[in-house]
Amino acid sequence: MSNEDQVMIETVELCKNFGELEVLKGITTKVNRGEVISIIGPSGSGKSTFLRCINLLEEPTSGEVYIEGISVMEHKKDINKLRQKVGMVFQQFNLFPHLKVIDNVALAPIKVKKLDKEAVYARARQLLARVGLSDKAEAYPAQLSGGQKQRVAIARALAMDPDVMLFDEPTSALDPEMVGEVLDVMKQLAKDGMTMLVVSHEMGFAREVSDRVLFMDAGIIAEEGTPAQIFSNPQNERTRAFLGKVL
Amino acid sequence: MDGLYNAIYKNFIRDDRYMYILNGLKITIIIALAAAVLGMVIGVVMALGKTSKNKIFKALASTYVELIRGTPTVVQLLIIYYIIFGSTAVPKLMVAIVAFGINSGGYVAEIVRAGIQAVDKGQMEAARSLGMPYGMAMRHIIMAQAFRNILPALTNEFITLLKETSVSGFIALDDLTKGADIIRSMTFDPYTPLLTAAAIYLVLTNLISFIFGKIERRMRISEQ
């Protein structure tokens, strides 16, 4: 199997109910290595839930999730190992407020992977440089702006050397002037070949950076295709209605 | 002036009566310190139980807290002394430590539980998404933050615990209160020994406030 075609994430008929409410009604898709996928759609369409089901932050009601060919549902005991392959960035950043920026980045590799401390800190500094925050290593999260927090959160996820990165509305909680700095980091990451799933309302990013766009509505993938197909020539009525509102 | 000297002489100096106070103070401090440690351990375990998804663990922890909160400390002390350790040769001091530790644990459990639940749920998700197992995330992320938030409430609990040990006399332990009361019964002077005991408790409780205040301030500075 060549690297290009290696399937990183696969979901089959993935369903999730919250009580009576069916949030996901059978999501089947594949994500290949190096692909950048944007997931767009109206609020409540299940985008975030779909993302959270992939690393089992939400437990799927039925269906299958495979991470690099391994069934997550059948290997719940190994979930901590599987999660190491899948980094996640949250809308609310969720930095650890009691730890310095550098320790936010270094904690998991040291504790979870039991790597050598000095090597981890050196790598953490590299990652902070990569997101443009070398000078904030010794700061606490409370001293950072929203955009800086989110960039630290990205560095923190990258520190575990994941094969896939999940972004759950990474710019939705940011002031408009800070969106750009976070998107720039994400673009660079995409350029470097990271496999990415991005739930976002940033249509510019979806159009420019992604290889494929999934339009979700009411718990299903209503339409998918290249950015050109989705944005310039949407086939589905609901896609057209949605894009008409947001563009 | 003569009256004050006489009172001090009669209550403390004659026959080395100050030893009742000194020995009592020692016993009070030993019980309070050891029970505080035991109470913290029990409290953290019960708080983990109350926030656990495991139904049995949760039910056990809830029952524990309700039992402790719902019955008087003196009754708990007597039950532990006469019933649980009734036919054993366990020293009274140990019985008191266990009793007050179990008692304090019930209150600490509620304090710690509130602290855990006050930490944003995104913190646990972020930690788990990095591959941390539940216990590791609980310790390094949740508890580390909860502890700061609950320090004032814990200070309160330790002060309460110290004062509660004054009922140790019920199982014939000569703690500070009992020591003062023994002097009173010898000299028929209630004022001097009891006010002295009260003053010592006041100094001790203020010392606890002072120490925890310092810790709290230091933690806050590290976050700025």
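This is a predicted model: local features need pLDDT of at least 70, side-chain atom pairs count only at pLDDT 80 or more; totals for chains, interfaces and linings use all residues.
How are α2(B) and α8(B) oriented to each other? They are roughly antiparallel.

Residues are numbered from 1 along each chain as its sequence is written, chains are lettered from A and ligands numbered from 1 in the order in which they are written, and side-chain values use heavy atoms, with hydrogens and water left out.

Two packed helices are described by the angle between their axes and the distance between the axes. Axes are lines fitted to C-alpha atoms, for helices over the stretch in contact, and angles run from 0 to 180 degrees between N-to-C directions. Helices are DSSP runs (H or I, at least four residues), numbered from the N terminus.

| Helix pair | Angle | Axis distance |
|---|---|---|
| α2(B) and α3(B) | about 130 degrees | 7 Å |
| α2(B) and α8(B) | about 160 degrees | 7 Å |

Take α8(B), residues 176-187, to begin with. α2(B) passes α8(B) in a right-handed crossing. A crossing is right-handed if the near helix is turned clockwise from the far one by less than a right angle, and left-handed if anticlockwise. Contact means heavy atoms within 4.5 Å. On the α2(B) side, the touching residues include Tyr20(B) and Leu25(B); on the α8(B) side, they include Ile183(B) and Met186(B). This contact has eight nonpolar, three polar and no charged residues. Nonpolar covers Ala, Val, Leu, Ile, Met, Phe, Trp, Tyr, Cys and Pro; charged covers Asp, Glu, Lys and Arg; the others, Gly among them, are polar.

Now α3(B), residues 55-70. α2(B) and α3(B) are oblique to each other. Their crossing is left-handed. Ile42(B) and Lys50(B) are among the α2(B) residues that meet α3(B), whose own contacts include Phe57(B) and Lys58(B). By class, the contact of α2(B) with α3(B) holds eight nonpolar, two polar and two charged residues.

**Salt bridges**

Side chains of opposite charge can pair when their charged atoms come close. A salt bridge here is a side-chain nitrogen of Lys or Arg within 4 Å of a carboxyl oxygen of Asp or Glu. The whole structure has 21 of them over all chains.

Lys50(B) pairs with Glu110(B), at 3.0 Å between the closest N and O atoms. Glu110(B) sits in α5(B) and Lys50(B) in α2(B), so the bridge ties together parts 60 residues apart in sequence. Glu110(B) is buried at 15% relative accessible area, and Lys50(B) is buried at 14%. Buried means under 20%, exposed over 50%, and partly exposed in between (1.4 Å probe, protein chains only). Shared partners join Lys50(B), Glu66(B), Arg69(B), Glu110(B) and Arg113(B) into one network.

Another bridge joins Arg52(A) to Glu125(B), with 2.6 Å between the closest N and O atoms. This pair crosses between chains, from α1 of chain A to α6 of chain B.

**A covered helix in chain A**

How many of the eleven residues of α3 (residues 101-111) of chain A are buried? Nine are. Among them are Val101(A), Asn104(A) and Pro109(A). The buried residues of α3(A) pack against α4 and α5 of chain A, together with α7 of chain B.

Conventions
Helices (H or I, at least four residues) and strands (E, at least two) are DSSP runs, numbered from the N terminus. Angles under 35 degrees count as roughly parallel, over 145 as roughly antiparallel, 65 to 115 as roughly perpendicular and the rest as oblique.
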